[in-house]
Amino acid sequence: MDYMKYIRKNNLPLIWCPGCGDGIVLKAILRAIDRIGLSQDEICMVSGIGCSSRLTGYVDFNTLHTTHGRAIAFATGIKMAKPELHVIVITGDGDATAIGGNHYIHAARRNIDLTVVLFNNNIYGMTGGQVSPTTPIGARASTAPYGNPENSFNISGLAEAAGASFVARGTVYDALQLDKYIEKAILKKGFSVVEALTPCPTAFGRRNKIGNGPAMMKLLKEQSVSVNKAKKLSEEELKDKIITGILVDRELPEYTENYNMLIERVGGSKS
Amino acid sequence: MVSGERKKNIRVITGNEACAMGALAAGLRFFAGYPITPSSEIAEVLSKELPRVGGKFIQMEDEISSMGAVIGASLAGLKSMTATSGPGFSLKQENLGYATMAEVPCVVVNVMRGGPSTGLPTLPSQADVMQARWGTHGDHPIIAIVPNSVRETYDLTIRAFNLSERYRIPVVLLLDEIIGHVNEKVELPDESELEIWDRIRPNDSPEDYLPYKFTESDIPPMAGFGEGYRFHVTGLVHNETGFPTNKQHEIKKLLTRLNRKVERYSEEIMQNYADYDDEADIGIFAYGSTSRSARRAVALAREKGVRIKFLRPTVIWPFPEKEVAELAASVKKIIVPEMNLGQIAHEVEWASRGQADVVKLNRIDGEPINPLEILNLIMEIAS
């Protein structure tokens, strides 16, 4: 496929560091969109603040780069105003589950038809490697110099518990799986999350002595366990593992459809 | 009723209801909000009325997301509004700044209550006038409107939308607990008589469209998401293309234009009511519900033979600097009554340039300013 069809060439090069996985997620998103055959005009991509959120500047869709943590809130307004648009939210672990955590769970509860691609690099990369809600306990960060004393979030589990229709987790090592999850997420009516594990060698790998991009990719490969295989493993065996695959795929009432039925019921569709 | 004559639309409603009705008349089609006293009735009315006209209402999870959703819906082409009060207005500030930077039309209603913090949820105040001007960070333009009655709330809510759409800027509508909750008998105009302004749409083809184009008017034509114009919007400093820039000349060019557009159109934006006696030594500058007390005090003072000049702005930002300077040049003292510690009095003092003394009359105890308090001050100065 021709990736460049979707890229705003004037805005290259990308700001992402060598070894960063965000470009791999970007390509997975574009493959998914290309395969579905959506036109560029019917996609609205909305991001927050952070490394991954810079993505919206590089892609030739309707694009909105919002405030920190609020991409889902802005996207909610867009989706309600124009339900025919495919609204895809680009966000990170800090953006979506720390400062924007409230919007993340409430959008899942409403089950509004947004597709969230959540780039999880376990760190605040853009601001220089501060601890995030998904930084593993004990890992080092610029604001956790003695090791992170906090527990971390299971952000896919959070979306499932809050009521999302579709939740999948993949890694940039299995990039060809990732685009399949994103494709399904876009096609799913309802709130969909694809958690994409992506390495940050600059701010996480280096400080935690994991190494450069390739070394972090290797680690992602070693840690990944498919959801089916994981069912057969004990809690002890799953420690430090990343469970990948489609975690949730269920039919639930979708918010904008519900609201349109409400409009119909009170006679507003005639005006 | 004479046959053929339109039936008069007379009602008894509150300022909050008038605000919701004015918004609908202006073309509001999206509201996002969060419950807070004393503004909640605006959301309640719109939750009922918006779907009946095919519009959308959503109660969001917080004040911040309400402001975000409003910006999103406006970018997708709908006239959008949120309503809140003091603490909620504080929470909206970051995204309000986003709307000024990205030039997204929207109306933010703040039904002022006593602060700081949780303060006095059920009592009136005018202590957010400076927050309306400077609440969000950075040099930025803003328009803030201060109606003084239920009927004027209806009219000025429509005006808030009109200005917001025409100048691509968020407009803050500052009610207070008195205006929000008082019931007044009003005759509402027929909607066909209303002047409604919409945002200026691009004439360019999608290929040639620049979302932040520098035009002679300083107002870039605005396309909506999903209309074939694929553009980028960001809160970062951007150039004409909408994409971020760090180039000094582009930064200066954008920020200069953003601030210039309100300054340049301030004469069209502002509306002042002046009622001046000739050769008066005393002036009064009052806004919002306090101006009702001031108006009464002026009438009582005139009955006692005191000459007085009364100036009332309906738009507090941009500030009526020229009108205040002219007033100051013609009187010895200007009384500024307000339900705060003198936020606008300082502005009047600055605009007076030392030509007249500014006398503050303030209440911060949750009670409105009584006309007699103002009258007493007038008589004290006059004697």
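Two residues count as being in contact here if their C-beta atoms, placed from the backbone, lie within 7 Å. In this predicted model, the contact between the two chains takes 36 residues from chain A and 37 residues from chain B.

On the chain B side, the elements that put in two or more residues are strand 2 (28-33), strand 3 (56-59), helix 3 (63-75), helix 4 (86-102) and strand 10 (232-234). Helix 3 of chain B gives the most, with 9 residues. Sorted by class, the side of chain B that touches chain A turns out to have 20 nonpolar, 11 polar and 6 charged residues.

Strand pairing crosses between the chains too: strand 10 of chain B runs parallel to strand 2 (residues 62-65) of chain A, and 3 bridges join them. Here B:Val233 sits opposite A:Leu64.

Now for a sheet within chain B. This one is open, with 5 strands in the order 11-13-12-15-16 and mixed pairing. Its edges are strand 11 (272-276) and strand 16 (357-362) of chain B, each of which pairs on one side only. On average, neighbouring strands of the sheet are turned by 20° against each other, direction ignored. At one end of that order, strand 15 (residues 333-338) and strand 16 of chain B pair in the parallel sense over 6 bridges, and B:Pro337 has B:Leu361 as its bridge partner in strand 16.

Helices pack on this sheet as well. Helix 10 (residues 290-303) of chain B touches strand 12 (282-285), strand 13 (308-313) and strand 15 of chain B, and its direction makes about 165° with that of strand 13. Helix 11 (residues 321-330) of chain B touches strands 11, 12, 13 and 15 of chain B, with about 170° between its direction and that of strand 13.

Conventions
Residues are numbered from 1 along each chain as its sequence is written. Chains are lettered from A and ligands numbered from 1 in the order in which they are written. This is a predicted model: local features need pLDDT of at least 70, side-chain atom pairs count only at pLDDT 80 or more; totals for chains, interfaces and linings use all residues. Helices (H or I, at least four residues) and strands (E, at least two) are DSSP runs, numbered from the N terminus. Ala, Val, Leu, Ile, Met, Phe, Trp, Tyr, Cys and Pro count as nonpolar, Asp, Glu, Lys and Arg as charged, and the others, Gly among them, as polar. Two strands pair if DSSP finds at least two bridges between them. Axes are lines fitted to C-alpha atoms, for helices over the stretch in contact, and angles run from 0 to 180 degrees between N-to-C directions.
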